[in-house]
Amino acid sequence: MKDSSLWLVSSPADSDPHERLEDLRQALGNGKLGHASLVEFPEFKTGTLSSLLTLSETLGKQDPTVTTAVQKTVDTIRSLTSPSSSSSGSSSSSSSANPQIGDSSRASPLSSHLVLDDGRPYLSYVFPEEGQSEHTWTWDKSKFRTESRSLNEVVEAIMKEVQSIENSQRNKNQEYAVVKGQLTQALRKKSGNLSMRSLADVVSASDFAGTNESEYLETVLVAVPKNLTKEWDASYERLTQMVVPRSSVKLAEDEEYVLFSVTIFRRIKDEFSQKAREKKFIARDFTYDEEAIQKGKRELEDLIAQEKQLWGDLLRLSRINFSELFQLLVHLKVVRTYVESVLRYGLPAAYFGAVIKPEHKQHAKLISTLSDFLVPDKASRKKDNKKKDKSGTNDEAMGEYASVMEGEYYEFVVFEIEKVDE
């Protein structure tokens with residue numbers, strides 16, 4: 001159990017839950033060891049011992065599954081709102097449906113998106129915000145009715161909802177990833193040095209005006225390393241025959257290369273390119289086509305606009321899905337706490353539930369205090385255990401469970417609600 005998590009605990013309900021909550025708070029030193037908030041269990045149909053044992057095992061697998069679904073959604077939100085998400089050269093368009101999702105959200109704190117539908121921090125769903133003294137978590141009966149339903153059916157309904165959300169999230173993630181990949185590839189063509197990047201936005205029609213109408217002559221572009229520009233000037237005319245003298249023109253440069261145009265006869269283009277490579281000059285395979293260049297620009301603009309739209313759509317859906325998944329996770333943990341309570345404390349199935357927010361570095365004291373407070377008849381059980389220890393009965397009883405008990409084990413029912421933004 002982590003001090004940074006919330007702890008969901010339970011014990012037999014032997015008094016009014018609000019009075020027991022106050023007793024728990026006093027036991028916790030009124031905040032010195034931790035803070036407590038009430039959890040209200042609904043009236044579940046308990047079922048048979050066999051069904052509860054099976055359900056307990058199933059819940060042990062489903063809890064991590066839902067936790068992973070929550071974390072994946074958080075990871076999506078983190079990737080959409082980290083500073084690197086705006087490096088594509090575009091920013092999200094604002095949305096009237098959610099004014100909090102706009103251009104500024106492209107690089108924004110993760111915590112501003114991990115919220116409930118009403119904008120409150122997600123942990124306030126199960127624990128009161130600072131300054132709010134009282135908070136009781138109650139089962140959402142409008143979503144998951146418990147009347148005339150077995151616990152298995154309740155859990156199935158929760159998992160069905162989780163699966164539906166995961167599917168919608170996955171589909172939107174894939175849709176965005178495709179467009180994002182296309183945009184990244186298109187932008188990559190505009191980046192890099194002059195030896196590899198697209199030259200459509202580097203040159204203009206006037207750079208090819210001298211040979212556009214010629215049947216025999218052609219203007220070719222050559223990227224020359226900066227440290228070889230003098231050699232280019234001295235040798236380009238002699239690389240092959242049929243190079244027009246003094247036709248080299250400097251068009252652009254970057255940190256690594258200088259781009260030159262040179263006029264040659266069409267028939268020796270392949271030979272000229274080969275000789276240029278031998279000198280470490282890079283002849284670019286580029287034909288100026290105004291219509292194709294304008295089409296490429298329009299396609300890039302469309303991709304940027306489409307990526308903006310899908311980015312906003314995905315962030316909105318992820319925020320909604322995160323809120324829903326976190327609430328479903330809490331419901332599942334409440335069911336799990338209830339099932340373990342029945343198995344450990346027995347019937348009648350009436351239990352006091354609470355969420356504990358531990359204070360930093362009070363883990364050992366908190367565990368001891370909760371054990372004393374939540375475990376029924378602990379004092380008498382200690383005496384019995386001592387007697388059994390002397391006779392060796394306890395060692396025999398551990399038997400096949402010894403390896404399990406070596407791990408983290410508590411005398412009371414407790415489950416962790418981890419902070420997903422850590």
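This is a predicted model: local features need pLDDT of at least 70, side-chain atom pairs count only at pLDDT 80 or more; totals for chains, interfaces and linings use all residues.
In which loop is methionine 242 found?

**Figure 1. Overview of the chain.** Let's start with the whole fold. The chain has ten helices and nine strands. Of its 422 residues, 44% count as buried. Looking at contacts between residues at least 6 apart in sequence, 79% join residues at least 24 apart. The chain exposes about 23,100 Å², with carbon and sulfur atoms supplying 48% of that area.

**Figure 2. The second largest pocket and its lining.** Here is a view into the second largest pocket, which holds about 550 Å³ of space. Its lining is made of 24 residues, and the closest to the pocket centre are Phe127, Pro128, Glu129, Glu130 and Lys357. Strand β2 (residues 34-39) gives the most to this lining, with three residues.

Figure 3. Phenylalanine 208 lies in the loop between α3 (151-189) and β4 (217-225), while phenylalanine 286 lies in the loop between β7 (282-284) and α6 (290-345), so the pair ties together parts that are 78 residues apart in sequence. Both phenylalanine 208 and phenylalanine 286 are buried.

Figure 4. Serine 198 sits in the loop between α3 and β4. Its relative accessibility is 27%, so serine 198 counts as partly exposed. The C-alpha atom of serine 198 is separated by 9.6 Å from that of leucine 187, eleven residues away along the chain. Threonine 263, in contrast, is buried, with a relative accessible area of 15%, and lies in strand β6 (residues 257-265). Leaving aside residues up to four places away in sequence, threonine 263 touches Thr211, Leu217, Glu218, Thr219, Val243, Val244 and Ser247.

**Figure 5. Backbone angles worth a second look.** Most residues other than glycine have a negative phi, and most peptide bonds are trans. Methionine 242 has a positive phi of about 70 degrees although it is not a glycine. To answer the opening question, methionine 242 is found in the loop between α4 (229-235) and β5 (249-253). With 32% relative accessibility, methionine 242 counts as partly exposed. Serine 148 is not a glycine either, yet has a positive phi of about 55 degrees. This serine 148 lies in the loop between β3 (136-137) and α3, and is exposed, with a relative accessible area of 62%. Finally, the peptide bond from leucine 347 to proline 348 is cis, with omega near 0 degrees. Proline 348 belongs to the loop between α6 and β8 (351-358).

Technical notes
Residues are numbered from 1 along each chain as its sequence is written. Side-chain values use heavy atoms; hydrogens and water are left out. Helices (H or I, at least four residues) and strands (E, at least two) are DSSP runs, numbered from the N terminus. Buried means under 20% relative accessible area, exposed over 50%, partly exposed in between (1.4 Å probe, protein chains only). Contact means heavy atoms within 4.5 Å. Accessible areas come from the Shrake-Rupley method with a 1.4 Å probe; for residues, only the protein chains shown count as cover. On a 1 Å grid over the protein atoms alone, a cavity is a set of points where a 1.4 Å probe fits but cannot get out, and a pocket is an open set with protein on both sides within 12 Å along at least five of seven lines; lining residues have an atom within 4 Å of a point. Grid points are joined across faces, edges and corners, and a volume is the space filled by probe spheres set on the points.
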